[in-house]
Amino acid sequence: LRLANEGILEGYNEKGKKLFKPQQPLNRAEASKLILKSVCTEPRSSAKVAPQLYSDVLPSGPTGWFFPLTKESYFRGYFTGYKDKIDSLGRREFRGKNVISQAEMVKVLVEVLRSEGLLKIASIKQTNPWYAPYILIGQNLKPYWNGEDALMHPSLISKEEKNPTKPLTRLDAAIMIDKTLDLYGRCNAE
C-alpha cells in the first residue's frame with residue numbers, strides 16, 4: 001500500500017511482523033491521526049495543551065495520545081464532536097474509541113478537500129439524516145470540483161453504497177484516504 005510506504009498508515013507489530021489487519025474496524029482517534037498524517041499536519045503547539053475541547057478527551061491518561069490530534073482536527077474543521085451530549089461548559093464528546101462510520105469518514109474527507117479549496121461548496125444544508133448531503137457529495141465530486149487538474153477520482157465512495165452508517169474497516173479507510181490524497185496531493189510529492 002502506498003499509504004504504508006508514505007508513513008501514513010502503520011501496521012501492528014505482532015511476533016516480529018508488521019500486520020495491516022485490513023478487516024479490523026478503525027476508531028475515531030485512529031482516524032483523526034490518519035487524516036492529519038495524510039495532509040502532512042502535525043498538531044500545533046496550542047493543540048498540545050489545555051484547555052480541552054471535548055469533554056471526554058483529556059490531555060493525559062488513556063486519551064492523552066490523541067488529545068493533540070483531536071484538537072488539531074477540530075481547529076481545522078474536520079471533526080466537531082457529537083451534538084447529542086454537551087457538558088456544562090458547552091463541550092461535545094469526541095468518543096475516540098468508537099468505530100468511525102463510513103458516513104463520518106466521508107464527511108471528514110469532504111471537509112479536508114473543502115478546506116483546501118478543492119471542493120467548491122458554500123454551505124452544506126442540515127438534513128435528516130445528517131450525513132445525506134455528505135454521502136451525495138462523496139459519491140459524485142464532479143459538480144463541486146474546484147481543483148486545477150482534472151478530477152482523478154470522481155468519488156470517494158461508490159454510488160452503489162447502501163449502508164453509510166456501517167463501521168469502517170482499516171482497508172475501507174485506506175482506500176478512501178488514498179483517493180483523497182490523489183486529489184489533495186501527497187506529502188512527499190516532488
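Start at tyrosine 131, which is buried at 18% relative accessibility. The model on screen is a predicted one.

**Stop 1**

Tryptophan 130 is partly exposed, with 41% relative accessibility. How many aromatic pairs does the structure hold? The count is seven.

Step to alanine 132, in helix 5. Alanine 132 is partly exposed, at 27% relative accessible area.

**Stop 2**

Go back to proline 129, in the loop between helix 4 and helix 5. Show the backbone. The peptide bond from asparagine 128 to proline 129 is cis, and its omega is near 0°. Most peptide bonds are trans.

Stay in the loop between helix 4 and helix 5 and select glycine 117. Is glycine 117 buried, partly exposed or exposed? Its relative accessible area is 31%, so glycine 117 counts as partly exposed. Glycine 117 and tyrosine 184 are 67 residues apart in sequence, with 9.6 Å between their C-alpha atoms.

**Stop 1: the largest pocket**

The largest pocket holds about 490 Å³ of space. Its lining has 18 residues, and those closest to the pocket centre are Thr80, Gly81, Lys83, Lys107 and Trp130. Colour strand 3 (82-86), helix 4 (102-115) and helix 5 (132-139): these are the elements that give two or more residues to the lining. Which element gives the largest share of the lining? Helix 4 does, with three residues. By residue type, the lining divides into eight nonpolar, four polar and six charged.

**Stop 2: Arg95**

Select arginine 95, in the loop between strand 4 (92-93) and helix 4. Its phi is near 60°, a positive value in a residue other than glycine. Most residues other than glycine have a negative phi. Arginine 95 is buried, because its relative accessible area of 18% falls under the 20% cut-off. Show the side chain together with tyrosine 82. Arginine 95 lies over the face of tyrosine 82, 4.2 Å from the ring centre.

**Stop 3**

Move to phenylalanine 94. The charged end of arginine 28 sits over the phenylalanine 94 ring, at 4.6 Å from its centre. Now extend the selection.

**Stop 4: helix 3**

Colour helix 3 by accessibility. Seven of its nine residues are buried, so helix 3 is largely enclosed by the rest of the structure. The buried residues are Phe67, Pro68, Leu69, Thr70, Lys71, Glu72 and Ser73. What do they pack against? Show helix 2: the buried residues of helix 3 pack against it. Then select glycine 77, which follows helix 3 and has a positive phi near 85°.

**Stop 7**

Look at the bond that joins alanine 50 and proline 51. That peptide bond is cis, with omega about 10°.

**Last stop: Lys15**

Finish at lysine 15, in the loop between strand 1 (12-14) and strand 2 (17-19). Lysine 15 is not a glycine, yet its phi is positive, about 55°. Is lysine 15 buried or exposed? Lysine 15 is exposed, with a relative accessible area of 87%.

How values were computed:
Residues are numbered from 1 along each chain as its sequence is written. This is a predicted model: local features need pLDDT of at least 70, side-chain atom pairs count only at pLDDT 80 or more; totals for chains, interfaces and linings use all residues. Side-chain values use heavy atoms; hydrogens and water are left out. On a 1 Å grid over the protein atoms alone, a cavity is a set of points where a 1.4 Å probe fits but cannot get out, and a pocket is an open set with protein on both sides within 12 Å along at least five of seven lines; lining residues have an atom within 4 Å of a point. Grid points are joined across faces, edges and corners, and a volume is the space filled by probe spheres set on the points. Helices (H or I, at least four residues) and strands (E, at least two) are DSSP runs, numbered from the N terminus. Ala, Val, Leu, Ile, Met, Phe, Trp, Tyr, Cys and Pro count as nonpolar, Asp, Glu, Lys and Arg as charged, and the others, Gly among them, as polar. Buried means under 20% relative accessible area, exposed over 50%, partly exposed in between (1.4 Å probe, protein chains only). Rings of Phe, Tyr and Trp (its six-membered ring) pair if their centres lie within 6.5 Å; planes under 30 degrees apart count as stacked, over 60 as edge-to-face and the rest as tilted. A charge sits over a ring if NZ of Lys or CZ of Arg is within 6 Å of the ring centre and within 35 degrees of the ring normal. Contact means heavy atoms within 4.5 Å.
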